[in-house]
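Subject: Structure for you to look at

Hello,

Here is the structure I promised to pass on. Please open it next to this message, and my notes follow below.

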Amino acid sequence: MEKLHSLYNFLDVAGTFAFAISGATAARQRNLDLFGICAIAFVVACGGGITRDLCIGAIPPTGLTTWYYLATAMTAAAMTVGFYSVVQRMNRPVILFDAIGLSLFAVTGAQKALAYGHNGEVAVLLGITTAVGGGVLRDVLLNRVPVILEREIYASAALIGALFVVAGNYLKWMPNDWISVIGLLTCFTLRMLALRYRWNLPGSSENKTGPDK
Amino acid sequence: MEKLHSLYNFLDVAGTFAFAISGATAARQRNLDLFGICAIAFVVACGGGITRDLCIGAIPPTGLTTWYYLATAMTAAAMTVGFYSVVQRMNRPVILFDAIGLSLFAVTGAQKALAYGHNGEVAVLLGITTAVGGGVLRDVLLNRVPVILEREIYASAALIGALFVVAGNYLKWMPNDWISVIGLLTCFTLRMLALRYRWNLPGSSENKTGPDK
Amino acid sequence: MEKLHSLYNFLDVAGTFAFAISGATAARQRNLDLFGICAIAFVVACGGGITRDLCIGAIPPTGLTTWYYLATAMTAAAMTVGFYSVVQRMNRPVILFDAIGLSLFAVTGAQKALAYGHNGEVAVLLGITTAVGGGVLRDVLLNRVPVILEREIYASAALIGALFVVAGNYLKWMPNDWISVIGLLTCFTLRMLALRYRWNLPGSSENKTGPDK
């Protein structure tokens with residue numbers, strides 16, 4: 001159990017890091033200054049969770065109170081500014097961690113909404129919001145149409161993951177922890193399959209399957 | 001009384017549907033994918049009410065908990081994707097229902113803020129927010145300046161409707177139900193008159209008076 | 001004490017006015033209609049504080065309940081519409097009041113978060129949000145990348161001010177009122193120094209150091 005908790009924490013930080021890297025990279029490409037890069041990194045990492053917490057009444061939002069989310073986002077921003085070539089070479093792991101973050105946030109977002117006593121519809125909608133809200137805010141701030149609204153399999157994977165969690169909770173198939181793990185793996189597999197099939201399309205893959213949520 | 005309630009429910013769903021159609025149509029024109037079209041349809045239909053509920057402390061927001069709002073928005077999105085020619089031919093009723101939605105949401109938004117014990121300023125500001133917030137979010141997500149900030153008579157009609165409700169509540173002219181009905185009719189009449197006078201301007205009318213809130 | 005309170009109220013209104021002027025001016029330049037100009041003026045003046053209040057659970061947000069914020073924003077909007085040449089000649093005091101607003105809102109935002117019992121991280125993040133949130137919303141609504149994410153010393157000054165307040169509160173250097181005053185002066189001095197050094201860059205200064213937050 002202790003080990004499971006450590007694994008969860010590692011995945012949580014890894015996902016947050018990947019999200020923040022995607023924000024910092026996009027901000028750097030738009031020539032934002034240091035503050036702007038840090039702000040966008042933080043918004044991508046925590047924006048979805050903050051929106052969810054406002055909607056379920058978890059005040060103040062965890063994204064604002066937890067020091068290691070902020071620290072992770074600032075580390076990602078600092079690396080993007082100082083060691084950009086390293087960040088670029090981290091493309092593969094970042095895509096992997098990004099899919100992990102997507103899956104984990106969709107599942108934990110839905111679970112948290114249920115834990116606060118809200119119904120299944122709220123849980124599914126806020127599971128998706130947790131997973132993709134930060135990326136939507138990033139694109140709104142960088143003045144472009146959110147990528148996830150133009151590509152189907154990113155947010156849809158989060159939807160499947162959140163739906164699985166909610167269905168599992170209502171039908172009580174198995175202990176909640178197992179439901180979460182299977183929901184997470186389902187979403188992750190879907191996302192990775194989507195990425196792999198796009199790898200078959202040469203040329204566009206580099207741009208379109210990068211860590212932009 | 002039973003009948004009045006049924007009428008209210010019908011108008012509520014009709015307004016939500018018109019709002020969602022405007023979102024789905026705009027998303028389709030920007031070539032968003034299926035998820036994007038559903039998301040924008042839902043945001044236009046429920047975004048204003050969710051913002052209002054966050055501000056008055058109605059947690060979780062009704063827009064997230066009520067299944068028929070989601071179902072209405074998804075129906076509108078599905079029709080826009082599958083039967084686009086039908087949706088285009090529905091232009092007239094959609095404009096009508098859109099004006100109904102505007103009026104109804106302005107009035108019920110103001111009433112709900114008052115019912116939660118907030119003052120008249122909050123009620124007027126959140127009445128407008130309920131009516132036009134979804135449309136503003138749609139335009140922000142689709143990366144353009146909100147139409148309602150460029151055209152005067154859409155949000156202004158909502159303002160008049162909400163003001164009427166608040167004034168009526170403070171001055172106790174008549175029972176609250178009547179105040180709501182008259183506020184709704186005032187807003188609706190204003191909007192329809194504004195539309196009719198623009199019909200006198202040929203050419204620009206089709207684009208400018210369509211169901212984009 | 002009475003005098004200090006009057007001074008505080010004066011600065012509060014002056015800062016709000018400068019923020020609203022920046023919003024109304026930007027909206028006018030984008031050819032928004034009267035409603036749009038009033039809406040953007042109000043959003044710049046109150047948007048940051050409303051976001052903060054949602055995050056700390058101060059429901060309804062002060063920005064929605066306090067009549068003189070709305071009145072100040074509407075006055076600024078009316079002046080921008082009716083007496084644009086006067087507003088343009090007010091460039092200097094507006095820049096000054098804008099820096100005052102920035103400093104005051106950063107400090108009071110952080111203080112309010114602490115007063116609601118939240119931790120230092122929340123207070124710093126929401127101090128910045130209070131100070132620059134309205135300007136970010138303005139730029140999002142006007143469909144451009146927020147200026148404050150591209151220029152370093154505006155939001156950074158707010159960060160320093162908020163950090164000072166939080167550090168002072170934890171370390172109990174002196175009474176809270178003094179900490180606020182010194183935090184405010186630090187932020188204000190930083191901002192004015194930043195502006196003065198940019199004045200050395202002829203040509204770009206007029207555009208880049210104007211009251212756009």
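A word on terms before the interfaces: contact here means heavy atoms within 4.5 Å. By that rule, the contact between two of the chains takes 23 residues from chain A and 24 residues from chain C.

Please keep in mind that this is a predicted model, where local features need pLDDT of at least 70, side-chain atom pairs count only at pLDDT 80 or more, and totals for chains, interfaces and linings use all residues. Residues are numbered from 1 along each chain as its sequence is written, chains are lettered from A and ligands numbered from 1 in the order in which they are written, and side-chain values use heavy atoms, with hydrogens and water left out.

**How the chains are related**

Chain A is superposed on chain C by a rotation of 120° with 0.0 Å of shift along its axis, and the RMSD is 0.0 Å (copies are superposed by least squares on the C-alpha atoms of residues with pLDDT of at least 70 in both). That is the relation of a three-fold axis. The C-alpha of chain A nearest this axis belongs to Asn143(A), 3.7 Å from it. Asn143(A) also has a phi near 65°, a positive value in a residue other than glycine. Its place is the loop between helix 7 (120–141) and helix 8 (153–171) of chain A; helices are DSSP runs (H or I, at least four residues), numbered from the N terminus.

Chain B can likewise be laid on chain C, with a turn of 120°, a shift of 0.0 Å along the axis and an RMSD of 0.0 Å. In chain B, Asn143(B) comes closest to the rotation axis, its C-alpha lying at 3.7 Å.

**The interfaces**

Which surfaces do the copies use to meet? Only 13% of the interface residues of chain A are also interface residues in chain C, so the copies meet through different surfaces.

Chain A and chain C bury about 1,800 Å² between them, with 68% of it on carbon and sulfur atoms. Buried area is the accessible area (1.4 Å probe) that two parts lose on being put together, summed over both. Zero salt bridges are found across this interface of chain A and chain C, a salt bridge being a side-chain nitrogen of Lys or Arg within 4 Å of a carboxyl oxygen of Asp or Glu.

The contact of chain B with chain C takes 24 residues from chain B and 23 residues from chain C. About 1,800 Å² is buried between chain B and chain C, 69% of it on carbon and sulfur atoms. On the chain B side, Cys55(B), Glu121(B) and Leu149(B) lose the most area to chain C, together 33% of what that side buries. The salt bridge count between chain B and chain C is again zero.

**Helix packing inside a chain**

Two packed helices are described by the angle between their axes and the distance between the axes. In chain B, the axes of helix 6 (residues 91–115) and helix 8 (residues 153–171) come within 9 Å and cross at roughly 35°. Axes are lines fitted to C-alpha atoms, for helices over the stretch in contact, and angles run from 0 to 180 degrees between N-to-C directions. Among the residues that meet are Leu102(B) and Val107(B) from helix 6, and Ala158(B) and Val165(B) from helix 8. By class, the residues of this contact of helix 6 with helix 8 of chain B are 12 nonpolar, three polar and one charged. Ala, Val, Leu, Ile, Met, Phe, Trp, Tyr, Cys and Pro count as nonpolar, Asp, Glu, Lys and Arg as charged, and the others, Gly among them, as polar.

In chain C, helix 7 (residues 120–141) and helix 8 (residues 153–171) have axes that come within 9 Å and cross at roughly 145°. The residues meeting there include Gly127(C) and Ile128(C) of helix 7, and Leu159(C) and Tyr170(C) of helix 8. This contact of helix 7 with helix 8 of chain C divides into 13 nonpolar, two polar and no charged residues.

**Two cis peptide bonds**

Ile59(A) and Pro60(A) are joined by a cis peptide bond, with omega about -5°. Pro60(A) is found in the loop between helix 2 (34–56) and helix 3 (62–65) of chain A. In chain B, the peptide bond from Ile59(B) to Pro60(B) is cis, with omega near -5°.

Best wishes

How values were computed: Helices (H or I, at least four residues) and strands (E, at least two) are DSSP runs, numbered from the N terminus.
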